[in-house]
Amino acid sequence: QQEAQKLRFLASICTFCRTSSVNSGRSAEFSFCQMEMMKTIERVLQEEPAHQLRSTVRQQAMLAITSLSRAGLLLDENKNSILRICFCSTFRLPLQDNQGPEALLYSKTLAAMDNMLQTLVRSAGTFGILELQNILELLLPYTSSQVAEVQERAVARIARLASFITTYPLPQICPCFAQNKVLRHQCSKTQKFVMLARLVGHLTLCCSCKDKGTRDQAAEALHHLHTFVMQQRSKWPWLDDTAKLQLQEGSEVTQSWQLSQESDIIQIFLMFAQYLQPSDGAYIILMAVKNLRAPSTYSVGVAADMLDILVANSAFLPEKVLDIIWMIYQNLPFIKSQIARESLNRTLLVLTHKHPGQVVASLLQCSPTCTCVAVTMWKAMVSRAEAAEKVLQQLVCTLMNQSQRKTSISTSDNPRILSLAAARAISKILLEPTCLEEVEAIFPQLFIALLFQVSFTTELSLQEVCIFWKQPKEEQLSPVRSAVQSMRTLLCRMGLERQALAIQAQGGWDALLRASTHLVGVRIVAREMMKTPRPLRSFLFCHLAELLCVEDPTWEMVAMVFFVEMLGCTDLGAELDAALKILPMYLQSSCLGMPSLVLKAILGLTKRPDTARKTLVLLPYVAELLHGADSDATAMALLVLHNMLPLLEEKTASYISLVLANELWILFGDESDAVRKLSISFFREAMRLVAGAHKKKMKKEVRSSLLPLLLHLHDQDKGVAKAAQEALCSAGRFLKWRQLEQLAETAQAWRIGECLLARNWSGDKEYLSQSQRYLQSPQEPLRLETVRFI
């Protein structure tokens with residue numbers, strides 16, 4: 001009775017649909033009636049027992065849906081839900097005998113379903129292509145079912161739809177989907193058939209199923225789909241000769257495709273592959289990788305062949321590469337077949353060759369801590385020389401890209417986290433014997449990048465360490481220790497074990513681990529690298545020079561410390577010329593301590609006979625530092641200038657001494673003891689170097705310096721007071737003022753003051769101006785002597 005009631009209700013819907021049509025004047029009550037009909041059909045289908053074979057309710061329900069579609073009364077918001085219930089309720093029925101009333105009833109039910117699906121496409125009008133793709137989208141999950149009957153029935157429905165579209169013209173469909181290249185034209189969503197690649201992928205795999213029924217239905221579906229593609233390609237007006245030949249060959253494909261061997265399936269897939277656009281392959285690749293797992297309803301060999309074909313011939317957007325690498329990473333632990341493993345290795349190699357940057361970044365994002373699965377993938381990627389070179393280059397770039405300003409906690413967009421991951425990956429790759437030559441080729445870049453990575457890692461926040469290092473601490477090295485270990489491993493792999501041991505003996509590796517002693521460790525490492533063979537040392541030096549050509553606050557101090565130590569090599573040639581071009585930029589750096597560091601290196605060069613004169617090109621830049629606020633840099637600049645002036649020709653030295661004299665006596669009152677002492681001593685040297693016509697102008701500068709020198713006879717620093725006394729003696733001799741020279745030798749300050757006032761070369765106004773500065777001196781003795789002089 002319940003079945004009879006359901007059938008009468010469904011029949012009444014069909015009758016209602018034949019007498020109704022869609023129009024804009026429908027009332028709210030009519031719309032409510034539509035909704036209730038849809039909900040009731042859905043409920044009726046859900047109530048049908050899964051084992052019920054003899055009932056015609058399912059068949060009648062599909063006829064009702066068909067009638068609603070034809071009348072334009074099928075509501076979009078309920079349509080997908082009803083279709084899913086139809087598929088689930090019908091496909092999962094028990095297996096039927098080939099003969100008998102039940103088999104006939106089931107065949108009629110499936111025929112009603114096919115008719116329903118075709119009617120839905122017809123009734124959609126200009127949106128027919130969208131409706132077709134929506135139905136196919138709902139059917140595809142069933143083609144991967146583990147139940148052979150469900151899989152066969154779903155594939156058969158796709159085959160019927162594929163046959164239908166070869167005879168029913170889909171309005172406004174654009175044939176661009178069947179072109180194997182990117183076309184420069186625009187078509188709307190209602191014109192695009194974007195399901196081709198997905199259909200081809202699923203159906204090709206279904207051709208390799210163990211169930212013969214599924215294989216036959218999939219082959220039939222592919223045949224009809226191929227016919228449809230040929231029909232659409234024939235509409236394209238700009239086919240070249242090659243495309244026309246392919247079209248002619250494709251049209252000769254018969255309906256009875258022979259799939260006796262896997263090679264036949266691959267030949268069919270190749271036929272379709274030439275019609276897929278470059279970006280379409282990503283979906284099939286993801287599906288193929290997933291089906292390499294065991295157990296699988298499909299042939300692993302066919303999935304592997306599909307993977308090889310598409311990876312070699314497809315172009316991918318960066319996000320698609322990430323999807324593929326992530327899919328391989330997730331499924332690799334469950335892929336045991338040797339054929340599948342070899343296919344994945346080939347896939348990784350091809351992707352690395354074509355998209356090295358995206359592949360490396362993707363794998364780093366998948367596994368920042370470099371799990372055993374990631375190690376397996378890295379090994380595959382560096383198993384060939386060309387791929388290994390690209391991987392190492394990309395890892396070096398990642399190490400050098402740790403922006404201190406990037407603080408996002410997401411590994412996908414945080415260069416700091418990715419650089420940690422790169423250092424971890426390199427430590428594993430260095431253990432592989434297959435890429436030793438490639439590591440050697442980029443050793444300078446890799447070694448320096450790891451050094452910078454250590455520097456960066458010492459400044460990691462606790463939050464960043466916790467994000468990256470999620471495993472228990474006792475199971476692995478901390479980030480900074482891991483980076484240091486990578487440096488040691490790299491040296492040993494390059495045959496530099498002696499240097500690695502020497503650094504260890506001096507505590508260099510331990511010093512690198514802490515921010516407070518890090519630069520000490522850098523100096524120790526640099527000194528030991530100076531002992532490497534000259535070609536290697538030269539490569540390191542040149543690479544540092546290239547990096548220092550562009551200022552980067554992230555690593556410039558570490559690079560310069562290393563660079564300065566290497567300037568101590570005794571066999572500098574072209575390297576020195578490169579250094580002299582870079583140093584002026586860093587003499588003007590605002591980085592704390594940078595000018596002093598560079599000046600220290602220049603001072604060392606001025607003391608060496610083989611390099612001293614070449615440093616003279618830096619003299620103007622060194623002189624500019626006399627105006628700086630950094631007392632350490634000023635003191636170092638005075639020492640450098642003191643060494644440089646004797647290297648100049650007599651006339652040039654005389655002129656430079658005169659120019660610097662005015663700057664020097666102003667520095668007599670600097671707060672730094674070292675600056676006061678050095679500036680006074682240098683002023684004394686400048687008086688000695690001035691000659692010829694410059695002496696007359698120099699006398700004016702010397703006279704202006706007498707009062708400051710007199711006051712500094714009372715300087716609290718004994719070294720400054722001694723330098724002032726010697727400078728006054730030299731000034732007396734320079735000015736040919738015997739009395740001043742004698743009084744300075746005996747340090748009779750009071751009488752020297754009287755002599756200055758008696759001569760009064762500069763006038764009271766200049767003396768008062770100079771005295772004003774010393775009234776503000778932090779030294780009480782200087783203030784008192786200034787008051788006495790005034």
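Tutor: Gladly! Let us begin with a term: a crossing is left-handed if the near helix is turned anticlockwise from the far one by less than a right angle, and right-handed if clockwise. Keep in mind, too, that this is a predicted model.

Student: Which secondary structure elements does the protein chain have, helices or strands?
Tutor: The count of strands is 0. What the protein chain does have is 40 helices.

Student: What percentage of the residues count as buried?
Tutor: A residue is buried when its relative accessible area is under 20%. Over the 790 residues of the protein chain, the share that counts as buried is 54%.

Student: How is α27 oriented to α28, and with which hand does α27 pass α28?
Tutor: Helix α27 (residues 534–548) packs on helix α28 (residues 556–566) at about 140 degrees, their axes being 10 Å apart. Because angles over 145 degrees count as roughly antiparallel and 65 to 115 as roughly perpendicular, α27 is oblique to α28. As for the hand, the crossing is left-handed.

Student: How many nonpolar residues does the contact of α27 with α28 have?
Tutor: Leu540 and Phe541 of α27 are among the residues in contact, as are Phe562 and Phe563 of α28. By class there are 2 charged residues, no polar ones, and the nonpolar number is 10.

Student: How are α30 and α32 oriented to each other?
Tutor: Helix α30 (residues 594–606) and helix α32 (residues 631–644) have axes 9 Å apart, at an angle of about 20 degrees. Angles under 35 degrees count as roughly parallel. The two helices, α30 and α32, are therefore roughly parallel.

Note on methods
Residues numbered from 1 in each chain as written. Predicted model: local features only at pLDDT ≥ 70, side-chain atom pairs only at ≥ 80, totals over all residues. Heavy atoms only, no water. Helix = DSSP H or I, 4+ residues; strand = E, 2+ residues; numbered from the N terminus. Buried < 20%, exposed > 50% of the residue type's maximum accessible area, 1.4 Å probe, protein only. Axes fitted to C-alpha atoms, helices over the stretch in contact; angles between N-to-C directions. Contact = heavy atoms within 4.5 Å. Nonpolar A, V, L, I, M, F, W, Y, C, P; charged D, E, K, R; others polar.
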